[in-house]
Amino acid sequence: MASPRATGRQRPSLSDSEAIARHKQAAASAAAELIEDGMSVGLGTGSTVAFLLPAIAARGCEGLRCVATSPATERAALALGLSIATLDELGELDIAIDGADQIDPQGWLIKGGGGAHTREKIVAAAARRFVVIASAEKAVSRLSPPVPLELLSFGVARTLLALSPARLRDSPVSPDGGLIADYEGPIEDPHGLASRLSDTPGVVDHGLFAPELTSTIVIAGERGVEVRPGAKQPPSKSL
Ligand code: 5RP
């Protein structure tokens, strides 16, 4: 699960945590309804996706093939009997479903609380339809730091200086050997910051996801499940 530092949020109380878990489950269950026989499916990473995997398995669809964005997701999916392939084996995906740390009103996302944002962005971009699932507290009026980063280890001190203010996170390297860090400065303009982060040598990728990547946002809270259209329009079936 994303750490409080990674999401920039206070640790919730036990009753809040229980409500948040119920909301994550509700969003995940709603999104699992989109899965149909024969689909190729990108699976995100995190505690919301942990609710998604059994919901997909429970649908009992035939011929599903899935790509996992992290070793943890791959292990959990295999344990549930889901079939895992590589992205290169599957090519374009029918759908990808993933969580988020923050969602702003324009559809900008911050992802990477679990440090998996590089693979998650590749999988989201490879999907005809990218669906974000989240509990209601992830919907914010304005994005706030930190923004997760994956950095090459070569010259990382110079890279961090160029990204200042940024610091390495105390977490294992990514499955691809990248160092996980966080940009901790202001986010006045997500588009401008995304360009700055992408243009900095040594950055493998960052956790800002542009609205154009997302087809559908499913947010669950005490008032039920809200489905917001994203900027990337879905091909056919809607929630
Ligand atoms: C992992 C991610 C997750 O989707 C994000 O951190 C949300 O996590 P959770 O579902 O545990 O709240 O981007 O890299």
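Mentor: Happy to. Let's begin with a term: a residue is buried if 20 or more other C-beta atoms lie within 10 Å of its own. Keep in mind that this is a predicted model.

Trainee: What makes α6 mostly covered?

Mentor: Seven of the ten residues of α6 are buried. They are His117, Thr118, Arg119, Glu120, Lys121, Val123 and Ala124. Each is called buried because 20 or more other C-beta atoms lie within 10 Å of its own.

Trainee: Which elements give two or more residues to the shell around the ligand?

Mentor: The shell itself has 19 residues, and the closest to the ligand are Gly46, Thr48, Gly99, Gly113 and Gly114. Two elements give two or more residues to that shell: α3 (47-59) and α6 (117-126).

Trainee: How do you know that the reach of helix α2 is close to what is expected?

Mentor: Helix α2 covers residues 14-32, which is 19 residues, and from its first C-alpha to its last it reaches 27 Å. At 1.5 Å a residue, the expected value is 27 Å too.

Trainee: Which residues of α2 are buried, and what covers them?

Mentor: Ile20, His23, Lys24, Ala26, Ala27, Ala28, Ala30, Ala31 and Ala32 are the buried ones. Their cover includes helix α3 and the strands β3 (95-98), β6 (130-135), β12 (216-221) and β13 (224-229).

Trainee: Which residues touch the most other members of the largest nonpolar core?

Mentor: Among the 60 residues of that core, they are Ala27, Ala31, Leu52, Ile133 and Val218. Helix α2 gives the most to the core, with six residues.

Trainee: Why does this core lie between domain 1 and domain 2?

Mentor: Both domain 1 (16-138 + 207-223) and domain 2 (147-206) give residues to the core, so it lies between them.

Trainee: How far apart are the C-alpha centres of domain 1 and domain 2, and how many residues does the contact take from each?

Mentor: The centres lie 23 Å apart. The contact takes 13 residues from domain 1 and 16 residues from domain 2. On the side of domain 1 that touches domain 2, α6 supplies the largest share, three residues. That side divides into seven polar, five nonpolar and one charged.

Notes
Residues numbered from 1 in each chain as written. Predicted model: local features only at pLDDT ≥ 70, side-chain atom pairs only at ≥ 80, totals over all residues. Near = placed C-beta within 6 Å. Helix = DSSP H or I, 4+ residues; strand = E, 2+ residues; numbered from the N terminus. Expected span 1.5 Å × (residues − 1). Buried ≥ 20, exposed ≤ 12 C-beta atoms within 10 Å, placed from the backbone. Contact = placed C-beta atoms within 7 Å. Core = buried A, V, L, I, M, F, W, Y, C linked by C-beta atoms within 7 Å. Domains from an automatic or database assignment. Nonpolar A, V, L, I, M, F, W, Y, C, P; charged D, E, K, R; others polar.
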